Amino acid sequence: MPRRQFIADLQSTQDGQLPPGIHDLQRGEDDGQLVFLFAINTPSRSSTPVKLNALIPELSEYPRSHEYIIYAEDGASTEVADALDGIRRTSGKTVFELLEIVSTTLSRLFVDTDGDVHMPDSEIDDAAEEEDDDDDDADVYDSDHEAFQTSTAPSASFTVANGGVRNAAAGRAFRQRVRQDLRAAKQAGFKVGVLGHLLDGYNAFVTMSIRMSKLGISDEAMQAWRVEASEYLILVLQYPNGYKTSEELQGFDSLRLEPNIGMRVCTGKMYKPTLQEAIKAFTTAKKDGRDSIADSLLANADGESPESSIRDVFISKPLNGLLKERLVAILRFRGMGMGWTGAEDLYISRTSAGATKTDVVDDSHFLPEPTNDALPDIVNADHWSEKSGGQMSFPLLAMQFLLRHFVRCTEFCLVCHRKMNTELEAIKPYVCESDFCLYQYMAIGFGPSIEHEISSQPYVVDLLVSFCYNSAASHRLREFPDGLSLVVPPVDPKDLMPLGPATPKYRGRQEEPEEKADKAGPRPPAVDYEVGFDQARLEIIFHIIPEQCPVKKGDWIVLQPKGTLEGSELHCRIREATFFPTISINEPVLVRRLSANRAPDGGTTTSIRVVTDTPLTPHTVTPAQTPKWAPAGFQVYSQDFKSLTKEEKSAAICRLLDTLPNVKTLQEYLKKRASPDLADWNERISTPALSILRWIIASNRACIMQVDGDDSGAGSARQEERLYGMRDYMQFRFAMGAPDKEQRFINEVRKTATRLKLAYPTLFAWHGSPLYNWHTIIREGLHYKNVDHGRAYGDGVYHALDAQTSTGYSGMHGGYANGNARGSWPNSLLEVSAALALNEIVNAPAEFQSQKPYYVVKQLDWIQTRYLFVRCGQKMGEIIKLAADEMPKTALIQDPQHIPRGANGGPIRIPASAIKSSRIFKNERRPELPSPAKRLKAMGGFDDPIPIDDDDAASVVTTTSDLIIMFEDDPELEDASSATSAAPKKIEKPPGTPTDFLPGTLDFSKLPLMPMPTYATSATTKRLMKELQAVAKAQELTPAGDLGWYIDVEQIENVYQWIVELHSFHTFEIKGKKLPLADDMKKQDVKSIVLEIRFNKDFPFTPPYVRVIRPRFLTMLQGGGGHIVAGGAMCMELLTNTGWSSVSSMESVLMQVRLAIASEPFARLDTRSRGEYGTGEAADGYVRACNTHGWQIPPGFKEMAYESALPGKSD
């Protein structure tokens, strides 16, 4: 195991002779951390010991491919710091080899005039003796410890190792400014975290975070962005050379800026990562040459999350680049009086066109910043405008800039970050019209993972490809992937004829003017090579040998054989061209032309293709066989896609999509790969075909989620959202528009319902459109800029109450009709023949553009898409499994005068849980039943539909160390203020969750406690004092109902023995229900669970022992749980040597113990016994639990736990 190997190497190095200058080698508090001293004395120069740290961010890679991070803690000189920064090639080095490298590097700094290096150890010995003297002077225990009256350092995990020595620059004014900046961010509503020695002026991290539920993002947008409401959006700021203010950063040029500030965007369940995760987020990204967190920190393809608590958000990479390259420069422009928009526009204009000293800033850059009323205040807030000059908090400005580009990401190009000049709305971000931006987005990894989409939602991918194929075959594509530098096969003239109408023209149709065909630019003609083709050997021979081979290994060609395969195309990759004029190919992709449809005017025909993955060579070929060369011809993939006309581009897209396997084949391939990447399947999928597939998936800006589908897809988890009344149609949840579109829709519904006093605020209706339109619809949203079916009833989006009416419009022009694939993707499993959407609309037909015979809605904010239905082909039921068409358990109550009818003519029934507005207005009709867990932001007299958790009741509690850094003053400041102030200023405790627990009422004298400990060590006592200080500070700053535990510090007589009360279990909810333990405690009038916590002399290297004193609980056999064993001991791996970590704080331990008691199977009180647990039975239960689970019992446990009971106490 890597960890064991590291520990063994460390022990071996400690036992042997250390390299010159290296002393006092110790294992650090984090896994993979080394702490050691370096010191050398020479005749020309005397050095004091420098404390150094070496950390392995990824210990699992030891001892082969691991890296070290080496840094100094103790105010080291600039020379030492620079020397450490210059150390390279530490990958795979053992502990001793690393120390040799450090020794050699630093020894060069201390060479005397003779070139000799002197390394006496007396100075190290003196330092060690002084440290021992300090320890001897400390009392073993003092109940009046001064630490309770003075300020504390950060928690033990990040304590400065040299006793608190600070960087010389980290003076009183410095610490005041740091606290001021962090407080500003905290007061603005963000969670603030600190990792490292921030107040001491050393390398440290500051984290800014906020829960997703506070950002006003719709549920549909969260699904599309793959984030959860309970997760935090986290900005990690790294200060490699100590904290730098906003003014300092703006004064740096680009060369000095990068070494002083780093920023990473991520998300996680906790409000900040651990120190090791933060270091890894920066170092791994730097090592990989990219601005994203390492793949090791992300969930894998199977959805299993590793141990890390953070992962990238879906646009981390472009956001990291934006923050790194532009934020500080934009802040300089903001100092001129501009808003965010003006400063960003000026930055873009100056970087693109260049700037001179005589440039005059246009007045347009100083226009007031527009606000979006649909977004919560924290997203619209601007620290710069609120502060109006003076000292600005850089962490707060950076977080507000991040929110601007995260919440409103669909308004900006993901590559150049320009504001999109379009009125079209989307739920997913994309790029502008620049070819360069498209190339960056697709080729450099800014786009989404198509492998994830195929693995999780294969039928959505099938649907997207089918829509694109039909649009291309009908020559209705409007945007093309010109920026991808595609090289495609020459276009077949037979594919240039667009599809004719599949049905007769209908009344009211308005003919559209024909768009003039593009004229192709000058380009060399395609070269056809006449060759012989051996189907058995998969070889090609040139009969007329060219001067040089026209292909090389890896090229793709289109082979057109004659004979039995005449009329077919074989798309194949060149496997080997070394033996030219004979070349070998990989297994080809066979595209058959089954039939042709005569164009309406009797002219050019259009082809219908079918793709097969059946191998052409089922038999085994032996070397003795004579080649059989059948005549054939081939063309090379050499046509520049960008130079083609629109018609030719459409034909080329169809031809490439013809070669793709079906989505289930793609999914099966990815399942078999340890590192799923379709680019590795290069012998089956050509590079241009894969690029087209990526473009189709990445350019989809709607949120489409499978409702139907087999168990291998994501649809099986959404069956409760299946609508009744659309039998034989495949169902998808469907959402379009900007992330705030749902909010704007709700606002319109609310205003109209109030104005018209509507009993039913919304209605539902169908929208159908020809298949060739859907590729554009899911990218641009519903609008009425284009005329497809005439405007007989005015401008607007047309709807019908009858699904059959809308289906008549949706199946026109292409699709599968009576088994005939007209313009449809030949390898589609869905075989889509019609598509229609079910939309929710504001229930005001009298204000529509028209209401008979169709609902024509001109107000786009009155429309919100909910479902997408597709009529599939013969494979439905054979390959694709649809759920039964059953009535939902709880159907949405609809307006009886406007109930839509399904495919069979009957009324449809919509699950109430699938429609957000139904829950909103249900709550509005019942104001007496507000949600007890959250407050909804007031707007227009109603609750806001998107939960804005202002009271932060569901957030993770801020750690004590972070609160201390932000709010506790320096000791010297307290001393200075004591002369003018009679009493120290206390931090006000915010109001919290109500509780019936009363602190300070427990009678310690009646508790059956373990014997008072008689052992103690100086190091353990100091650590426990700091832990006690931390929990005491947490109790001062956190409301009792939110904290859930209480320690009466005044009653503690020995720091090795704590009495803790756990309370307020009524704050827990499991699946919407109160915790059974809370009901038991209320019935028995029990206000708290009393625990005894005992620390051994080896703490923190051994875990604390935690047992329940009272009340008694049911055992597991009796129906109890909560990790409480018979006897009252806590059964948790965390509290054994197997699961314990020496860096764990007692604050986190108490939180985890409380959560364990509240977890399933639930703890229940023993109502038949009101006694208390004895000390002996608890120890027996603990030992049994450890033996049962194979956990290691801490050394010294039996001596600590089985001592005789105190006089007067019974066991």
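Visitor: What should I know before I start?

Guide: This is a predicted model, where local features need pLDDT of at least 70 and side-chain atom pairs count only at pLDDT 80 or more, while totals for chains, interfaces and linings use all residues. Residues are numbered from 1 along each chain as its sequence is written, and side-chain values use heavy atoms, with hydrogens and water left out.

Visitor: How do I read a sheet?

Guide: Strands of a sheet pair through backbone hydrogen bonds, either parallel or antiparallel. Here, two strands pair if DSSP finds at least two bridges between them. Helices (H or I, at least four residues) and strands (E, at least two) are DSSP runs, numbered from the N terminus.

Visitor: What is the order of the open sheet of 4 strands?

Guide: The order is 1-2-3-4, and the pairing is antiparallel. Strand 1 (22-27) and strand 4 (69-72) are the edge strands, each pairing on one side only. From one strand to the next, the twist averages 20°. Axes are lines fitted to C-alpha atoms, for helices over the stretch in contact, and angles run from 0 to 180 degrees between N-to-C directions.

Visitor: How many bridges join strand 3 to strand 4?

Guide: There are 4 bridges, with strand 3 covering residues 50-55. Asn-53 stands opposite Tyr-71 in strand 4. Helix 1 (residues 2-15) packs on this sheet and touches strand 1 and strand 2 (33-38). Contact means heavy atoms within 4.5 Å. The direction of helix 1 makes about 150° with that of strand 1.

Visitor: What about the open sheet of 5 strands?

Guide: Its order is 5-6-7-8-9, with antiparallel pairing. The edges are strand 5 (191-196) and strand 9 (310-311). Strand 6 (residues 204-211) and strand 7 (residues 232-239) are joined by 8 bridges. Ala-204 has Tyr-239 in strand 7 as its bridge partner.

Visitor: Which strands does helix 14 touch?

Guide: Helix 14 (residues 394-407) touches strand 6, strand 7 and strand 8 (262-268). Helix 5 (residues 172-187) lies across strand 5 and strand 6, at about 145° to strand 5.

Visitor: How do helix 11 and helix 14 cross?

Guide: Their axes come within 12 Å and cross at roughly 80°. Helix 11 and helix 14 are therefore roughly perpendicular (65 to 115 degrees; under 35 is roughly parallel, over 145 roughly antiparallel, the rest oblique). Trp-340, Thr-341 and Glu-344 in helix 11 meet Leu-397, Phe-401, Arg-404 and His-405 in helix 14.
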